[in-house]
Structure formats: C-alpha cells, structure tokens
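The points follow after the display.

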Amino acid sequence: MVIAGTIPIKGLGLTRGNVEISFDNIRFYNENIPENTVQIPISMGTATLVASCYKTLQYFNRNNELVAILAGDIGDGEGSAKIYEEISRLNNKFLIVHYIKPKISEITKIDFKRNFVVGDAGGMYAGKAAGIGDNFKLFLPDVGELAFLADKDSSHPAYVRGFISEVDDLDVVKLIKMAYETGKMPDNMVIKGETDYIVQKGEIMATVSEPKHAAMECIGGTGDNLTGIISGLIYCGYEISEACTLGCMVNREIANMVTPTPDTKINEIIEAIPDALNKLIK
C-alpha cells in the first residue's frame with residue numbers, strides 16, 4: 001500500500017519507505033539512507049493520512065505493508081513534481097494520492113489499469129481537472145469539494161461558480177447527481193460532512209449521521225483521518241461500499257470515545273482507531 005503526498009516543510013526531499021508512529025510524529029525511514037530517520041508531526045499535510053492508515057492496518061497486523069512517498073512542498077510545486085515522477089512508475093499497487101499540487105499533465109501518467117487508485121485532496125482535484133476521475137476507484141470530498149466536482153467547468157475548488165458554491169447539506173443529493181452527470185466520476189465516493197454519504201455509481205447506498213460531535217468539525221485533519229480508515233479497510237479486504245460505511249461509523253465512534261473539544265489534537269483521535277475498530281468489528 002502506498003500513500004503519496006506533500007508535507008509543508010521547506011527543503012524536505014523526496015522520502016520513500018516504511019513508517020512508524022511515535023506519539024505525535026510519524027517516524028519515516030529512508031530506505032536509501034537508513035541512518036537518516038525523519039520525524040514529521042502527524043498534524044502536517046499528508047502525515048495525518050499516513051498515521052490514520054497505519055493505525056488501521058496495525059489493527060489487522062499489516063502496518064508493515066504501508067509505504068509513504070512524501071516530499072516537502074511549500075506551494076512552488078517542486079516536491080509535487082518529485083512525487084508525480086515516483087508514482088508514475090508504480091505497478092500493481094494500492095495507491096492513495098493526497099496533498100499534491102494539481103498537474104493535469106502529470107496525473108495522467110499514473111497507470112490506472114495496473115494500480116488501484118484512491119484520490120483525496122489535491123489528488124482528487126488533479127483527477128477531476130484532467131477529466132479522468134472515472135479512472136479512480138474512490139473519491140472522498142467534503143461538501144465544498146463536491147460542489148467543485150459537480151461544476152463541469154471548474155478546474156479548481158477556488159473557482160467553483162457562485163450559485164453552486166452556496167450549498168448546505170440539503171443540496172448534497174443534487175450535487176451528487178450533477179457530479180455523476182459529468183460521466184467522469186469514480187464508481188465510489190464518500191461525501192464527508194455533518195452527514196456522511198456513501199455513493200456508488202451515483203446512487204446513495206448509505207448515510208451515517210449519528211452520533212454527532214460538533215467539535216470534530218473544527219479539529220484539523222479529521223477528514224484525512226476518515227480517508228485513512230476507509231482506505232485501510234479496503235486494503236484489508238473489505239468490499240468498497242462496506243468499508244466506506246464502516247469507516248464513517250468508526251470515525252464517529254472515535255468521537256464517542258475521545259469526547260473531543262476544539263483543543264483536541266488529531267493524534268489523540270488517531271490513537272483511538274484500534275479501540276473503535278475493535279468495538280465495531282465483532
């Protein structure tokens with residue numbers, strides 16, 4: 001399993017290898033230079049997704065199968081370019097493309113026939129902008145990002161047409177329909193929000209809305225945490241829509257266990273993943 005994405009650290013070169021978690025950091029082992037261990041705060045960029053996926057795989061004793069491809073990128077696209085080059089060479093991998101500067105010419109170089117590809121954040125934006133979203137297996141937008149996916153003329157979430165950006169949960173069903181009318185969406189999608197929608201080929205298969213913990217909405221990284229849980233479940237053998245529904249339930253069960261406040265750190269949320277899985281998988 002491969003997670004590819006950027007970290008907002010200037011000068012962090014391309015780093016590829018296995019990871020471990022140490023409190024609020026991921027410890028990243030450079031397979032090319034083993035003595036050079038890099039520590040990255042879980043709260044930074046793609047590190048949140050790496051940590052949540054690691055914890056999910058750890059529950060199934062498969063965490064040693066996780067490889068991260070990370071690079072520093074502070075907006076100039078330099079780290080993103082290195083990551084695109086790396087993932088264009090992958091073959092027969094479960095790949096999650098996460099925070100990365102959208103580049104249409106580069107995202108199309110991924111071999112979608114030989115890899116199982118999940119798109120979130122920049123990876124999802126690039127796939128949509130390139131008109132190849134249907135090559136992905138799964139997108140995981142929030143409601144705002146769904147508006148971007150539904151706007152066939154928009155190339156970035158910042159430029160979604162005004163009438164379509166003023167949405168609330170009542171419009172989600174309409175936006176799902178509009179997104180799939182483009183013909184360029186993956187078969188599977190999870191819309192993250194106050195209510196989570198699990199979608200397959202444009203049809204809403206399930207919703208998860210309880211329990212509600214408002215504080216989860218203001219803790220940075222909870223959406224990335226959900227992407228990591230769901231991706232880990234799929235990798236470990238769950239059917240996609242089943243993994244999506246279970247992942248949304250796990251994310252909310254974590255809130256029950258942690259009882260978060262706006263001051264709660266994302267590593268505290270991630271640390272509870274195994275206990276939540278243990279409670280819901282019987």
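1. A salt bridge is counted here when a side-chain nitrogen of Lys or Arg lies within 4 Å of a carboxyl oxygen of Asp or Glu. The model is a predicted one. By that rule the structure holds 13 salt bridges.

2. K177 and E181 form one of these pairs, with their side chains meeting at 2.5 Å, N to O. That distance counts as a salt bridge because the cut-off is 4 Å. Both K177 and E181 belong to helix 7, which spans residues 172-181, and they sit four residues apart, about one turn of the helix. K177 is exposed, at 53% relative accessibility. E181 is likewise classed as exposed, with a relative accessible area of 55%.

3. Some salt bridges share partners, and in this way R16, E85, E86 and R89 are joined into one network. As background, side chains of opposite charge can pair when their charged atoms come close.

4. How exposed are the two partners of the salt bridge between E65 and R62? Their side chains meet at 3.1 Å, N to O. E65 has 29% relative accessibility and so counts as partly exposed. R62 is also partly exposed, its relative accessible area being 26%.

5. R114 and D111 give a further salt bridge, at 3.4 Å from N to O. R114 has a relative accessible area of 52%, so this residue is exposed. D111 stands at 26% relative accessibility and is therefore partly exposed.

6. T56 lies in helix 1, which covers residues 47-59. Is T56 buried or exposed? Its relative accessible area is 0%, so T56 is buried. With neighbours up to four places away in sequence set aside, T56 is in contact with G228, I229, G232, L233, I273 and L277. Helix 8 runs over residues 222-235, and G228, I229, G232 and L233 are among the contacts of T56.

7. A255 is located in helix 9, residues 240-258. A255 is buried, because its relative accessibility is 2% and the limit for that class is under 20%. Not counting residues up to four places away in sequence, A255 touches H213, M216 and P260. Between A255 and I83 there are 172 residues of separation in sequence and 33 Å in space, taken from C-alpha to C-alpha.

8. Which element gives the most to the lining of the largest pocket? That is helix 8, with four residues. By class, the lining of the largest pocket is made up of nine nonpolar, six polar and 10 charged residues.

9. The second largest pocket has a volume of about 190 Å³. Of its 17 lining residues, S43, G220, K265, I266 and N267 are the closest to the centre. This lining divides into six nonpolar, seven polar and four charged residues.

Terms used. Residues numbered from 1 in each chain as written. Predicted model: local features only at pLDDT ≥ 70, side-chain atom pairs only at ≥ 80, totals over all residues. Heavy atoms only, no water. Buried < 20%, exposed > 50% of the residue type's maximum accessible area, 1.4 Å probe, protein only. Helix = DSSP H or I, 4+ residues; strand = E, 2+ residues; numbered from the N terminus. Contact = heavy atoms within 4.5 Å. Nonpolar A, V, L, I, M, F, W, Y, C, P; charged D, E, K, R; others polar. 1 Å grid on protein atoms, 1.4 Å probe; cavity = no way out; pocket = protein on both sides within 12 Å on 5 of 7 lines; lining within 4 Å. Points joined across faces, edges and corners; volume = space filled by probe spheres on them.
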